[in-house]
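User: Hi! I'm new to reading protein models. Could you walk me through this one?

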Amino acid sequence: ATERELNDLRHQYLERVQGLGLMVIFNTTVHRGNYTELPELIGFFKDHADQIGLASFNLQADTGRSEWGSRDIEVSKDSVRRQIEAAAGKALPWDAVRVGHNRCHDYLPTLVTNGNIHAAIDDPDDCAKLLAAMPSLGSDRHLSRRQLIFKYASAFMCRPPSWWPALRYLARMARKLGGDVLRSRGELQLLTFFIQNFMDADNLDAERIHACSFMVMTHAGPVSMCQHNARRDDYILQPLQVQAGEQVIHYHPLPKQSAPAAVREAS
């Protein structure tokens, strides 16, 4: 009945993946029923930041197949931002890192130390300069902390244009986090927050669909998740032709007599 009760199940999931080297992601649909519980839920994610890599908050949307329909006006990308800030106890730099269309997603990497949440990237200019200086340097969450430090330190040494932005960043982080890191005896965890503002099926925005960074692979190529949600049956119920050696197999997801009219016509 509540997000707090679901924490027992979340604990079970965390126990099952211990030692497997997996990145743990929790997806939570945000709706009127659990909106007020978000700060407490974020506290759970914060307390387990040593195991959880990303917490995604997906805003309720009317896909045409749900009982609740469109979400309440209280639930929005901005209001979920405020709930995360309430749990962190501070304003957070949501626009320091941009992912996809600005009405669709928020991506906020944070550092958790001494029970406090701090933004890992707080200056968009420094972020842009570092990305420009190291365009091909990716991040592997399976690496140990020592391996990550060695990887980035080596990259900085080989790229002089990144030295000044990196030093500015490290000095700023030391001022912000230094006391908490000392009090926690060096414990520092990365926890990323992600907000996904899905669109209702009958209110799709062509600009946002075109700029989508959260896509689904289909037989016709990648399409926006919101577009896929709105026309799900058109994608997943299409008959498929599979080549197995010299044999061609025709696969129909549904028997023809029970398939939607559009699928029967296509088959």
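User: Where do R183 and D180 lie, and how many residues apart are they?

Analyst: Both are in helix α6, three residues apart, which is about one turn of the helix. Before we go on: this is a predicted model, where local features need pLDDT of at least 70, side-chain atom pairs count only at pLDDT 80 or more, and totals for chains, interfaces and linings use all residues. Residues are numbered from 1 along each chain as its sequence is written, and side-chain values use heavy atoms, with hydrogens and water left out.

User: Why is R183 called exposed, and why is D180 called buried?

Analyst: Buried means under 20% relative accessible area, exposed means over 50%, and partly exposed is in between (1.4 Å probe, protein chains only). R183 has 59%, so it counts as exposed. D180 has 8%, so it is buried.

User: Which residue forms a salt bridge with D106?

Analyst: That is R81, with the closest N and O atoms 2.8 Å apart. D106 lies in strand β3 (residues 105–113) and R81 in helix α3 (residues 77–88), so this pair ties together parts that are 25 residues apart in sequence. D106 is buried at 0% relative accessible area, and R81 is buried at 15%. Both belong to a network of salt bridges that links K77, R81, D95, R98 and D106.

User: How do you know how α1 and α2 are oriented to each other?

Analyst: The axes of helix α1 (residues 3–17) and helix α2 (residues 38–47) come within 11 Å and cross at roughly 20°. Angles under 35 degrees count as roughly parallel, over 145 as roughly antiparallel, 65 to 115 as roughly perpendicular and the rest as oblique. So α1 is roughly parallel to α2.

User: How many salt bridges does a search of the whole structure find?

Analyst: It finds 13.

Note on methods:
Axes fitted to C-alpha atoms, helices over the stretch in contact; angles between N-to-C directions. Helix = DSSP H or I, 4+ residues; strand = E, 2+ residues; numbered from the N terminus. Salt bridge = Lys/Arg side-chain N within 4 Å of Asp/Glu carboxyl O.
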